[in-house]
Amino acid sequence: MEEVCSFRSYQSLIGAIVKCVHGNNNLIKFDKFFKCQQPGAPVHFQTYFLSNPNVRLVIHSGRRQFIEGFGLQKVKFASMSKPKILITRSDYPKNSIEALESKYNVEIWDNVKNGDITKKDFVERVSGASGIFCCLNDRVDKDVIEAAGPSLKVVSTMSVGVDHVDLKTLKSKGVRLGYTPDVLTEATAELTVALLLATSRRLLESNQAIRNGEWTSAWAPLKWCGPALKGSTVGIYGYGRIGQSVARKLKAFEVSRILYGSAQEKPEGKAIGAIQTSLDNLLKESDFVIVTCALSDKTRGLFNKDKFAMMKSTAIFVNSSRGAVVDQDALHDALVSGQIRAAGLDVMTPEPLPSNHPLLSLQNCVILPHIGSATYQTRMLMADMVVKNITTALHGEEMPAEYAL
Ligand SMILES: O=C(O)C(=O)CO
């Protein structure tokens, strides 16, 4: 119910504004403004606060002390003189929200139980913001960036992927972009290996069989078998931080060859004996195809019918990058027809995937709800980095992780 309002249009006020929340909708309505030019004026506030239980937020000119001491613990205070930060969900780690609250006027979209912030709400709430704390669910498009207005200095996303952000518009407006590389590399690589094993060793399928009462013989020679990692050829498409970390981890499984597809040869590849090759060759030769590339115009829909046709019929396809790099209908057909053996997906389109989606009915498709970076440690580090990206950008300083626009 309680929403911190945008007070861009009230910046001319010297003094304070009282916000009342009315009825059962989220509309912001002001029914009284108080101007406070002299120290004597607070008496108005006192009278009003004490008699009106609807008061939730007081926006003041910066001299908060004159309205403190009224015993109004439930009332939030916000200063017009502080920059506004829009936070797109209330379930980001608490300390990151508190760190911003201690410095800025923070407006939080607090309706996450009903879904992500809608485009309409995003456009409405962002007005006058100097910074946006967002994540990959939130499309920071031209309309949002323009709705923020000239105050916008930084967009800080809690993700390494930036495909949800209109980079061109940000650049044209001189707005900086913060993101969260490095801190999530190991968690995402660990999950990629977990997904590879869950898919190849049929962990979900066999576990479900137990729950269905289908474990009828203690041990069966060929039941629930899958291909071995040891001695296999693994192809990794997108050999950046995460791809390289996956490769390092797979060395421990004694795979026989690691191929990688990347625009340039990487010294990190050489160091562990990974071989750069074309995508087509990687698809033809790999027993396991792992996708860790970024989503771009070049990679959108890249894994299509033709690419699945190049893969071995025994191949396992794993994607922990972005769903949109895959033509999902083509993947579905390849899994149903046996063109490839199985797929493990941490990402798909759309997210969340509807529970009646055809991919979910396939035994040979393991689907996870985009949890690549989901370790407690990583998510805390990501949130900290988002906050530091905002605070440094607003001071005009070097950001810990600025995306080069
Ligand atoms: O950071 C990202 O881009 C993710 O996909 C989730 O952490």
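**Aromatic rings in the model**

Analyst: Both F303 and F317 are buried. The model is a predicted one.

User: How many aromatic pairs does the structure hold?

Analyst: Ring centres must lie within 6.5 Å to count as a pair. On that basis, the number of aromatic pairs in the structure is six.

User: Are Y92 and F133 stacked or edge-to-face?

Analyst: Their ring centres are 4.0 Å apart, and the angle between the planes is 25°. Planes under 30 degrees apart count as stacked. The pair of Y92 and F133 is therefore stacked.

User: How many residues apart are Y92 and F133?

Analyst: Y92 is in the loop between β5 (84–87) and α2 (94–101), while F133 belongs to strand β7 (residues 129–134). The pair thus links distant parts of the chain, and the separation is 41 residues.

User: Is F133 buried or exposed?

Analyst: Buried means under 20% relative accessible area. The relative accessible area of F133 is 0%, so F133 is buried.

User: Are the rings of F303 and F317 stacked or tilted?

Analyst: The centres of these two rings, F303 and F317, are 5.5 Å apart. Their planes stand at 55°, so the pair is tilted.

User: Which residues do ring pairs link into a cluster?

Analyst: F303 and F317 are both part of this cluster. With the other members named, the cluster consists of Y237, F303, F308 and F317.

User: Which ring does the charged end of K223 sit over?

Analyst: The distance from the charged end of K223 to the ring centre is 4.7 Å. The ring belongs to W224.

Note on methods
Residues are numbered from 1 along each chain as its sequence is written. This is a predicted model: local features need pLDDT of at least 70, side-chain atom pairs count only at pLDDT 80 or more; totals for chains, interfaces and linings use all residues. Side-chain values use heavy atoms; hydrogens and water are left out. Rings of Phe, Tyr and Trp (its six-membered ring) pair if their centres lie within 6.5 Å; planes under 30 degrees apart count as stacked, over 60 as edge-to-face and the rest as tilted. Helices (H or I, at least four residues) and strands (E, at least two) are DSSP runs, numbered from the N terminus. Buried means under 20% relative accessible area, exposed over 50%, partly exposed in between (1.4 Å probe, protein chains only). A charge sits over a ring if NZ of Lys or CZ of Arg is within 6 Å of the ring centre and within 35 degrees of the ring normal.
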